[in-house]
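Welcome! Please take a moment to look over the sequence and the model below, and then read on for a short tour.

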Amino acid sequence: MLLLLLGIILLHLAALVLLFVSTIVSVWSTSETSTSDLWRNCSTAVNGEYHCNPASTGEWIQAVQAVMILSIIFSCLSLLLFFCQLFTLQKGGRFFLTGTFQILASLFVMSGAIIYTVTSHYWVLGTYAFGYSYILAWVAFPLALISGLIYVILRKRE
């Protein structure tokens, strides 16, 4: 049972780290001369200067920012709830609240990645490819979802 709890906590922490990295790091989309993320759009000019513009160009980027931050908050709350329920839940009880928060975190990150996928051509001009932060967000989605489903199925034992 201890090994199972350790595995669940490691899975949750892996999803949480991926959420933090994908939200903070500035490579959601990239091209030869520019990178962009949820907060800035940076490019290299012809003379070699590096210019960054803030991400205040549209409501969609603010929606992506909001749902990514919500996914981090809900995942952190889920981990905190798990530890609280681990010590207060009665024998045979299920971790429904913890699982619900983690599933909501996964749905938030999925929503943010979908919104970015559909509308990023408004934000990033020219030819671009999705960067590793974008990919990490998509990897965090199934990890958080699986973690949430495990919490819902899990029963407390003594």
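With a relative accessibility of 59%, Arg 157 counts as exposed (buried means under 20% relative accessible area, exposed over 50%, partly exposed in between, with a 1.4 Å probe and protein chains only). Between the C-alpha atoms of Arg 157 and Leu 70 there are 31 Å, and the two residues are 87 apart along the chain.

This is a predicted model, in which local features need pLDDT of at least 70 and side-chain atom pairs count only at pLDDT 80 or more, while totals for chains, interfaces and linings use all residues. Residues are numbered from 1 along each chain as its sequence is written, and side-chain values use heavy atoms, with hydrogens and water left out.

## The overall picture

The protein chain holds four helices and five strands, and from the N terminus on they run α-β-β-β-β-α-α-β-α. Helices (H or I, at least four residues) and strands (E, at least two) are DSSP runs, numbered from the N terminus. The C-alpha trace spans about 65 × 30 × 20 Å along its principal axes. Of the 158 residues in the protein chain, 42% are buried.

## Helix α4

Helix α4 covers residues 132–153, which is 22 residues. From first C-alpha to last, α4 reaches 32 Å, close to the 32 Å expected at 1.5 Å a residue (the expected span is 1.5 Å times one less than the number of residues).

The buried residues of α4 include Tyr 134, Leu 136, Phe 141 and Tyr 151.

The unreviewed UniProt entry places a "signal peptide" at residues 1–29. That span is 79% helix and 3% strand, and its end C-alpha atoms lie 42 Å apart.

The unreviewed entry also gives "transmembrane region" for residues 63–83, 95–119 and 131–154. Residues 63–83 are 100% helix and 0% strand, with end C-alpha atoms 30 Å apart. Residues 131–154 are 92% helix and 0% strand, with end C-alpha atoms 35 Å apart. UniProt positions follow the numbering used here, feature names are shortened, and annotations may be inferred rather than shown by experiment.

Finally, look for Ile 73, which is found in helix α2 (residues 59–88). Ile 73 counts as partly exposed, at 40% relative accessibility.
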